[in-house]
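Here's a quick briefing to read alongside the model. Have the viewer open as you go through it.

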There are 2 protein chains.
Amino acid sequence: MNKRTEIATLGEFGLIRRLTENIEIKNASTVKGVGDDAAVLHYEHKEVLVTTDLMLEGIHFDLTYAPLKHVGYKAAIVNFSDIYAMNGKPQQITVSVGISKRFSVEDMEELYNGIRLACDIYGVDMVGGDTSSSLTGLTISVTCIGECDKDKIVYRSGAKDTDIICVSGDLGAAYMGLQLLEREKALSADERDFTPDFSGKEYLLERQLKPEARKDIIEMLAKANILPTSMIDVSDGLSSELLHIAKESNVGIRLYEDRIPIDYQTAAQAEEFNMNLVTAALNGGEDYELLFTIPLAVHEAVSALKGISVIGYVTSPNLGSYLIGRDGGEVPLIAQGWNPL
Amino acid sequence: MNKRTEIATLGEFGLIRRLTENIEIKNASTVKGVGDDAAVLHYEHKEVLVTTDLMLEGIHFDLTYAPLKHVGYKAAIVNFSDIYAMNGKPQQITVSVGISKRFSVEDMEELYNGIRLACDIYGVDMVGGDTSSSLTGLTISVTCIGECDKDKIVYRSGAKDTDIICVSGDLGAAYMGLQLLEREKALSADERDFTPDFSGKEYLLERQLKPEARKDIIEMLAKANILPTSMIDVSDGLSSELLHIAKESNVGIRLYEDRIPIDYQTAAQAEEFNMNLVTAALNGGEDYELLFTIPLAVHEAVSALKGISVIGYVTSPNLGSYLIGRDGGEVPLIAQGWNPL
């Protein structure tokens, strides 16, 4: 059950073979995957999107509570999310890992099982990567390549005065999940036989440990013939992302506090922790929801869609970016990203 | 002169702005570079090549003797080399770095100056990346995107019986440079006022610390209308790369020991260290030369080109892969890659 094969017994090339065997190519844009100096892709009549994310042990994940399979899944998902945020379709990923001696071949298989599961679910091909030994923790670097029709790409820079601001799903749950896991970790360090009780909090854990990218939202908007004017994914927190759109689009922002979508588990946990719920939702990060703006004219069409909340509107730049509180008072939006550095 | 600005004073977005400001886009294939969720590229009528390399402090570089600017330059070059090894042209890179507290903003500028210098020299656009704090050493992950006409891509798998095997430049120098640097590091640890004397060994240091990718060879072959049947770059050592070609092409290999190109500085250093010169050239690695096969019919045309050595020939697979010694004896080629893991 807990078989442990040292990586040294396979060597670099043996490990790569083991981790990448039986990969079935799913996309026509993939001409040649793993196994040469570079992967070969074919993108006729499509723009090519490229994004990359680095995940470092101790910074982005903690293996005391995050299973390697989940870490792999999440490493892929956060990249897919960036491609969807351009209104694109992820097509290929490369995966580089730096592995210290404490990891076994079976550990790496777990990690890659998570990556491959994400690839299967989202229809993405793993086409290359690099493996290296590491003196310290686990390092994972994923690059994702996606495609989009030229006239369908949505940048951060296209928001216009009077546009409506929308966000998918709900916010703050991943952050509360992290707080919960960190608390249980601290408690379990004190007690030897500690068994954490997460019942009724499953959603928070899932949002932190196994997030999804909003492929469904992109497909739903396309089906409804709604093309956002600007879009970004919520990775560093709603405030931070809104300010990116404000800056890149040269606009102002009005965000309604009482419109921010929050799950009841998030709210209950914030109360238990005596934390400010709105702060968690604004600055928590790692939600991987899509934040986008649409012309006022399609307001009704968007309102009819499930899983999308209208949370504010776009103004001229001289009006600045503010949160409108429940009492109608305005507080400046401040980027207080959650991610370290 | 030795100004030190803490990265925390800029924050993640401030640092990214500082490191990527004033980037001028050089390639028509780059539609949108740094500054959105993903870069946007346009590749009409060309195949897209993707490669990635991970460089970790203490494994791939040692900052006791490698200047950060050189580390950055090399991180870009090793990726360009992979694109050339497909007979492609590198067009874009993304750069992700994990940075521990001991690095300053000025340190990161040095690193990026090296990367940007490589991009300027090789005509490549930096289009994105990621920055993160790191609990330990410096982590650099570079992904390179390149282009090639569909009918000009050269894989590892195209070598045919009776093909001629060629390699560019000379081999083993980067490995000897590393040995030299490691020795001087050990000596300087013992003596406080130690000043290493590298005169007459400049080539070895340059090959280790600031390698180049063989863009010139790719251009020369194209000009001479010579399309290799298979190609790979020499990163893990000549033996290892030849065996990759043998395996992927399903052929055998005969390599002549006395044909392996070796610089006199490499030979002199091997003698000083009492090391086997051929072993260093066969297994040293990090040469970033191009190893390729050509049809027998263009043997004369290739022989006329400067900087390319004919080192052996391709056989049917049942004849295996052997080094033919100076005495005519045959020794099996063994992959004994230099890179850790």
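Chain A has 10 helices and 13 strands; helices (H or I, at least four residues) and strands (E, at least two) are DSSP runs, numbered from the N terminus. Its radius of gyration is 21 Å, close to the 20 Å that the globule rule gives for 341 residues, so chain A is as compact as a globular protein of that length. (That radius is taken over C-alpha atoms, and the rule is 2.2 Å times the number of residues to the power 0.38.) This is a predicted model, in which local features need pLDDT of at least 70, side-chain atom pairs count only at pLDDT 80 or more, and totals for chains, interfaces and linings use all residues. Residues are numbered from 1 along each chain as its sequence is written, while chains are lettered from A and ligands numbered from 1 in the order in which they are written.

**Overall box and domains**
- Along the principal axes, the C-alpha atoms of chain A fill a box of roughly 65 × 60 × 30 Å.
- Chain A splits into domain 1 (7-149) and domain 2 (156-332), with bounds from an automatic or database domain assignment.
- The C-alpha centres of these two domains of chain A lie 26 Å apart.
- Their contact takes 15 residues from domain 1 of chain A and 16 from domain 2; two residues are in contact if their C-beta atoms, placed from the backbone, lie within 7 Å.
- On the domain 1 side of chain A, the largest share, nine residues, comes from helix α2 (residues 68-84).
- By class, that domain 1 side has nine nonpolar, four polar and two charged residues (Ala, Val, Leu, Ile, Met, Phe, Trp, Tyr, Cys and Pro count as nonpolar, Asp, Glu, Lys and Arg as charged, and the others, Gly among them, as polar).

**How the two chains meet**
- Across the interface, 56 residues of chain A are in contact with 56 residues of chain B.
- On the chain A side, β3(A) gives the largest share, nine residues.
- That side of chain A divides into 25 nonpolar, 22 polar and nine charged residues.
- The copies meet through the same surface, because 100% of the interface residues of chain A are also interface residues in chain B.

**A helix pair in chain B**
- Helix α4 (residues 173-190) and helix α5 (residues 202-209) of chain B pack at an angle of about 100 degrees, with their axes 7 Å apart.
- α4(B) and α5(B) are therefore roughly perpendicular to each other (65 to 115 degrees).
- Their contact has nine nonpolar, two polar and one charged residues.

Definitions and conventions:
Axes fitted to C-alpha atoms, helices over the stretch in contact; angles between N-to-C directions. Parallel < 35°, antiparallel > 145°, perpendicular 65-115°, else oblique.
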